[in-house]
Amino acid sequence: FRNKTAPALTPESSSQELEAASQPIRAPFAPAEINRPSDLQSYWPVSRRSMSYSWRYLRRNVAEGPAEVVDVSETVRITAEQGFYLEPVMQRRDYNRAQLVLFIDQNGSMMPIHQFTREMVETALYESGLTEGQVTVCYFQNVPVDYVYRDIFLTEPVALEDMLAVCNSDTSALIVSDGGAARGYRRLERIRGTTRFLRRLRQTTQLCAWLNPVPQERWEGSSAEMVANLVPM
């Protein structure tokens, strides 16, 4: 039997009840806050910030110009010896005259770490405290033989002799290359070419170092193992 107290359902009442019913609501997108987003920009063992700070330790202080800086410690020492203060001890201001040349291996087995080398170059040029004229960057592929390049696409060649001409005994040279360790090759022509390059470089400066992005345990049996005996790697 039909309940006489219950109202009869009509099409109009059913549609009104559907409209009045609660509809599903999608919550607005709210991304989580990240305190240090820079940590997600790269996964290298050395962060960009560490690179920036490390470059600032590269210094060749030279005293130049007139004596216009007070040497406090020397002034105190002389005053204590004399028993009275007469005048301050002045000295010349120190300027950082360090010179840096980066030789960056490009393309080939170095392609997976291009982002790392780009950050290294950027921090050396713009975040090291050195002026633009104190940092020189050149690129090569596998071995710098007679030419190096000013751009990452290896389209602007510069004679190696001209690049070495800008170096002197106070110039710091850093070579960044896997030296054949990435693929485990030991090629005699690569070892000979690298040896000639290092010999020509050391005729200009002894401040040379080699940064190999491949772990040292993988150098064995490759050209890098031989090159590591010629230069600190």
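Predicted model: local features only at pLDDT ≥ 70, side-chain atom pairs only at ≥ 80, totals over all residues.
Local features required pLDDT of at least 70 and side-chain atom pairs pLDDT 80 or more, whereas totals for chains, interfaces and linings use all residues. Residues are numbered from 1 along each chain as its sequence is written, and side-chain values use heavy atoms, without hydrogens and water.

The chain contains seven helices and eight strands. These elements are DSSP runs, numbered from the N terminus: helices are H or I with at least four residues, strands E with at least two. Of the 233 residues in the chain, 33% are buried. Buried denotes under 20% relative accessible area, exposed over 50%, and partly exposed the range in between, with a 1.4 Å probe and protein chains only. A contact requires heavy atoms within 4.5 Å. Among contacts with a separation of 6 or more, 71% involve residues 24 or more positions apart.

Thr75 belongs to helix 3 (residues 72-82). Its relative accessibility is 10%, so Thr75 counts as buried. Leaving aside residues up to four places away in sequence, Thr75 touches Val70, Tyr85, Glu87, Pro88 and Val89. Val89 lies 14 residues from Thr75 along the chain, yet their C-alpha atoms are separated by 5.2 Å. A polar atom of the Thr75 side chain also lies 2.7 Å from the backbone oxygen of Asp71. A polar contact is a pair of N or O atoms within 3.5 Å; within protein, one must be able to donate a hydrogen and the other to accept it, and residues adjacent in sequence count only if both atoms are side-chain atoms.

No disulfides were found in a search of the whole structure. The criterion is a pair of cysteine sulfur atoms within 2.5 Å. For Cys167, the closest cysteine sulfur is that of Cys138, at 8.3 Å, which is too far for a bond. Cys208 is likewise in no disulfide; its nearest cysteine sulfur, in Cys167, is 8.6 Å away. Cys167 is buried, at a relative accessible area of 9%. Cys208 is buried too, with a value of 9%.

One aromatic pair is present. Phe103 and Phe197 have ring centres 5.2 Å apart and planes at 75°, so the arrangement is edge-to-face. Rings of Phe, Tyr and Trp (its six-membered ring) pair if their centres lie within 6.5 Å; planes under 30 degrees apart are stacked, over 60 edge-to-face, and the rest tilted. The pair links distant parts of the chain, 94 residues apart: Phe103 sits in strand 3 (residues 99-105) and Phe197 in helix 6 (residues 188-202). Both residues are buried.

The largest pocket has a volume of about 470 Å³. On a 1 Å grid over the protein atoms alone, a pocket is an open set of points with protein on both sides within 12 Å along at least five of seven lines, and lining residues have an atom within 4 Å of a point. The lining comprises 21 residues; Val46, Phe116, Met120, Leu211 and Pro213 lie nearest the centre. Helix 2 (48-55) and helix 4 (114-126) each supply at least two lining residues. Helix 2 gives the largest share, four residues.

Ser52 is also placed in helix 2. Its relative accessibility is 7%, so Ser52 counts as buried. Beyond residues up to four places away in sequence, Ser52 touches Thr123, Glu127 and Ser128.

Terms used:
1 Å grid on protein atoms, 1.4 Å probe; cavity = no way out; pocket = protein on both sides within 12 Å on 5 of 7 lines; lining within 4 Å. Points joined across faces, edges and corners; volume = space filled by probe spheres on them.
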